[in-house]
Amino acid sequence: MPSAKILEEKKQIVNQMTDRLKSKSGVFVNYKGITVIEDTEMRVKLREAGVDYSVIRNRLMKFAVKNVGFDSLESMLVGTTSLATSNDDPIAPARIIKEYADKLPEYFEIKAGFMDGKVLSVDEVNAIASIPALPVLQAQFLGTLLAPITSLAVVLKAAAEKGGGVVEAEVPASEAPATEEKTEEASAAEAPKAEASEAPAAEAAETPAENA
């Protein structure tokens, strides 16, 4: 019969597993056959994405799934089982695990998953895995928000550049009134000369009439 110390240790393990099942998302994996190199590589990616990954004991996990109402997961807790969970990026566990399940189909497979308190089938986990990573989604969302502003900036820039061209083209036209004024002034200055030249001609025309 297990000692009180062993029972207490197992109880703590079950409590830890129960807490992990309360994460935003998680994926159960059959990792049988994965090599040390492949496992190490995958763990690095999971860790960089903020995903907790560890091998679990099926017998103790069965108590944990019942604690959170995931009874339907009990049937898949056979053979080798590991669990990847995340509270940061809910898509990360499914995305990275699926990457290796596709790469190593003969001995690495998804058993099931969960998200926000709901059990997920293998097909549902695969569907979620196709969603872009959180940073990518954030960038896409930000891009959507900035799109109208960016478009407006482009339009304003184009209008400003076009306006600058029109202003430059209109500079000579703006000087036109000054040119017209100079022409009028020149005409006014020449008018007296014309009148003065006409006066002697008029007098000359009148002289013969007086002599007659």
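Good morning. In this predicted model, the buried residues of helix H1 are covered by elements that include strand S2 (52-55), helix H3 (58-67), strand S3 (82-86) and strand S4 (109-115). The buried residues in question are Val 14, Met 17, Thr 18 and Arg 20. Because they cover an arc of only 160° around the axis, they lie on the same side of H1. The other side of H1 carries the exposed residues Ala 4, Lys 5, Lys 11, Gln 16 and Asp 19.

I turn now to a pair of helices. How do the axes of H4 and H5 cross? Helix H4 (residues 92-103) and helix H5 (residues 122-129) have axes that come within 8 Å and cross at roughly 100°. H4 is therefore roughly perpendicular to H5. Ala 94, Arg 95 and Lys 98 are the H4 residues at this contact, and they meet Val 125, Asn 126, Ile 128 and Ala 129 of H5. By class, the contact comprises four nonpolar, one polar and two charged residues.

Finally, H5 itself. Val 125, Ile 128 and Ala 129 are buried in this helix. Their arc around the axis is only 105°, which puts them on the same side of H5. The buried residues of H5 pack against H4 as well as strand S1 (25-30), S4 and strand S5 (118-120). Thank you.

Terms used: Residues numbered from 1 in each chain as written. Predicted model: local features only at pLDDT ≥ 70, side-chain atom pairs only at ≥ 80, totals over all residues. Heavy atoms only, no water. Buried < 20%, exposed > 50% of the residue type's maximum accessible area, 1.4 Å probe, protein only. Helix = DSSP H or I, 4+ residues; strand = E, 2+ residues; numbered from the N terminus. Arc of directions from axis to C-beta. Contact = heavy atoms within 4.5 Å. Axes fitted to C-alpha atoms, helices over the stretch in contact; angles between N-to-C directions. Parallel < 35°, antiparallel > 145°, perpendicular 65-115°, else oblique. Nonpolar A, V, L, I, M, F, W, Y, C, P; charged D, E, K, R; others polar.
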